[in-house]
Amino acid sequence: MLETIIRRVDGNHPDNVVLSNAGVLIARGRLVAFPTETVYGIGANALDEAAVSALFTIKGRPADNPLILHLAAAEDVAKYVREVPALAVGLMKAFWPGPLTLVFRGAGRLPRVVTGGLETVAARVPAHPVALGIIRAAGVPVVAPSANISGRPSPTTAEHVMADMAGRIDLIVDGGPTFLGIESTVLDVAGDVPRILRPGAVSAVEIATVTGKAPEEEFRRKKHKLPFLSRTRLILVEGTPGSVTDEILRLRACFAAEGKVVAILTREERVGLYPGMVVACGSVTNNRSVAAGLYTAIRQLENVDVILFEGVSQEIGTAVQQRLREVAHQVVRAESGS
Ligand code: TXA
Ligand code: MG
């Protein structure tokens, strides 16, 4: 078992020596976790087959679930893809560095383990000084899956990473909590029409403002989908504030009658409306705060039987809503006026 070292840096003004050392470790085939603007990732040298294989092993990740190439500059993508379609050029200008992953036709220059045998390659340029500094220092393309054990929520703090990865990776660069809190949007630009393969921090509407047309959306494709939480049922309750509250109270009573341990996940302002175990995640007036607190809140509740998530659209924002619809075991629409 490895000893996992933690190096703390300022997320916005990181110490270059720490980033250089981290980059060198990755270039030499070691595994290093670092923050991106979305969630923490574990970086490995994309050209080093053994390092990438080790990454799949320590995450418990199915071999056919491909990795995202993380690059320091948009120009670098040309080395690994067969072509950069015109559509992608506009999206790269608008969103890179940032939380949009683009899926291209691959040039076949990466070890098969990276792409799980697919003909396509996913890439993004992260918008985080720590991630960018480490990738630059590595001097190689870096694959960086979220730094969780496969099937668990993505980590948004170094503590989350430590909980899953202690003894499995060499180094965690702790740059504080990530800025956004949910993963990048994965958009396929290899075909004729852009298609969202994973909803994330960039919404379909934002993509449409650049491409002029709403992308297709293909959630629930998810051949690789593992339960987001291994033993906890996550139920997203959507509707107006009043109807959602009524439905959550009703569901809570039903599950409690079955002897289930139930937790309610709501906004700060509404904690007082509910009895029992209630956790606040963000504020009704700030969508970003909901995204930022989402995975921390869910990790706190991993041992309950049921999580009832209060999902009023305007209050949680599109990014969180799409992501939750994808991972929830059930989505319930509360009837208004009940
Ligand atoms: O925000 C993020 O994207 C984070 C941070 C660390 O950058 N990374 C991340 O990586 O979420 P990971 O490995 O946990 O998720 C990558 C997603 C998976 O859903 C995978 O199936 C998809 O991207 N993906 C990767 N390559 C693909 C490809 N060639 N075609 C389709 N989907 C691909
Ligand atoms: Mg992941």
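Strand 2 (residues 32–35) runs parallel to strand 8 (residues 171–174), and 2 bridges join the pair. Two strands count as paired if DSSP finds at least two bridges between them. In this pair, valine 32 has leucine 171 of strand 8 as its bridge partner. Helices (H or I, at least four residues) and strands (E, at least two) are DSSP runs, numbered from the N terminus.

This is a predicted model: local features need pLDDT of at least 70, side-chain atom pairs count only at pLDDT 80 or more, and totals for chains, interfaces and linings use all residues. Residues are numbered from 1 along each chain as its sequence is written, chains are lettered from A and ligands numbered from 1 in the order in which they are written, and side-chain values use heavy atoms, with hydrogens and water left out.

Axes here are lines fitted to C-alpha atoms, for helices over the stretch in contact; angles run from 0 to 180 degrees between N-to-C directions. Contact means heavy atoms within 4.5 Å.

Now strand 6 (residues 120–124). Of its 5 residues, 4 are buried. Buried means under 20% relative accessible area, exposed over 50%, partly exposed in between (1.4 Å probe, protein chains only). Strand 6 pairs with strand 4 in the parallel sense over 3 bridges. Its pairing with strand 5 (residues 100–105) is antiparallel, over 4 bridges. Alanine 122 of strand 6 stands opposite isoleucine 68. Valine 103 also stands opposite alanine 122.

Back to helix 2, which holds phenylalanine 56. This residue counts as buried because its relative accessible area is 9%. Leaving out residues up to four places away in sequence, phenylalanine 56 touches Arg61, Pro62, Ala63, Asn65, Leu67 and Val113. Its C-alpha atom is 9.0 Å from that of serine 150, 94 residues apart along the chain.

Two helix pairs remain. The axes of helix 6 (residues 158–165) and helix 9 (residues 287–300) come within 11 Å and cross at roughly 45 degrees. Helix 6 is therefore oblique to helix 9. Angles under 35 degrees count as roughly parallel, over 145 as roughly antiparallel, 65 to 115 as roughly perpendicular and the rest as oblique. His160, Ala163 and Asp164 of helix 6 meet Tyr295, Thr296 and Arg299 of helix 9.

Helix 9 also crosses helix 10 (residues 313–327), at roughly 40 degrees, with the axes coming within 6 Å. So helix 9 is oblique to helix 10. On helix 9, the contact uses Asn287, Val290, Ala291, Leu294 and Tyr295. Helix 10 contributes Gln314, Glu315, Ile316, Gly317, Val320, Arg323 and Leu324.
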